[in-house]
Amino acid sequence: MVGASLVRFILQAESYLKDIIKMARNILVTGAAGGIGAEICKKLANEKTNLLVHTRSNKLGLDKIVRYVESVGGRARQKFSDLSIKGE
């Protein structure tokens, strides 16, 4: 049962992502250095979007994502900050 719920969740998330791509060309992806954030960046890399990829501390992971985005013709800039701190 958990597997079916996860599949429905992923399909819904992909639908939302397609809607976002239609509306925006500049997209901020937080948590982009790994996991779901990194996968979102990979999906957006081919969509002619300008990505601002964010992480609090994983510079190596973020560098890897930026290299991937650029290798497929996308554009990405990096931002390191702790978004829980005002003014970061």
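## Helix packing and core in a predicted model

Helix 2 and helix 3 run roughly parallel to each other, in what is a predicted model. Their packing angle is about 15°, which falls under the 35 degrees that count as roughly parallel. The axes of helix 2 and helix 3 lie 9 Å apart, and the crossing is right-handed.

Who makes the contact? On the helix 2 side we find Ala38, Cys41, Lys42 and Ala45, while helix 3 brings Ile65, Tyr68 and Val69.

| Helix | Residues | Contact residues |
|---|---|---|
| Helix 2 | 35-45 | Ala38, Cys41, Lys42, Ala45 |
| Helix 3 | 59-71 | Ile65, Tyr68, Val69 |

Now for the core. The largest nonpolar core has 16 residues, and the members touching the most others are Val29, Cys41, Leu51 and Val53. At least two residues of this core come from each of strand 1 (26-29), helix 2, strand 2 (50-55) and helix 3. Valine 29 is worth a look: setting aside residues up to four places away in sequence, Val29 touches Gly37, Ile40, Cys41, Leu44, Leu51, Leu52, Val53 and His54.

Let us finish with lysine 43, a residue of helix 2. Is lysine 43 buried, exposed or partly exposed? Its relative accessibility is 45%, so lysine 43 counts as partly exposed. Beyond its neighbours within four places in sequence, lysine 43 contacts Glu14 and Leu17. Between lysine 43 and valine 69 there are 9.3 Å from C-alpha to C-alpha, with a sequence separation of 26 residues.

Terms used. Residues are numbered from 1 along each chain as its sequence is written. This is a predicted model: local features need pLDDT of at least 70, side-chain atom pairs count only at pLDDT 80 or more; totals for chains, interfaces and linings use all residues. Side-chain values use heavy atoms; hydrogens and water are left out. Axes are lines fitted to C-alpha atoms, for helices over the stretch in contact, and angles run from 0 to 180 degrees between N-to-C directions. Helices (H or I, at least four residues) and strands (E, at least two) are DSSP runs, numbered from the N terminus. Angles under 35 degrees count as roughly parallel, over 145 as roughly antiparallel, 65 to 115 as roughly perpendicular and the rest as oblique. A crossing is left-handed if the near helix is turned anticlockwise from the far one by less than a right angle, and right-handed if clockwise. Contact means heavy atoms within 4.5 Å. A nonpolar core is a set of buried Ala, Val, Leu, Ile, Met, Phe, Trp, Tyr and Cys residues joined through side-chain atoms within 4.5 Å. Buried means under 20% relative accessible area, exposed over 50%, partly exposed in between (1.4 Å probe, protein chains only).
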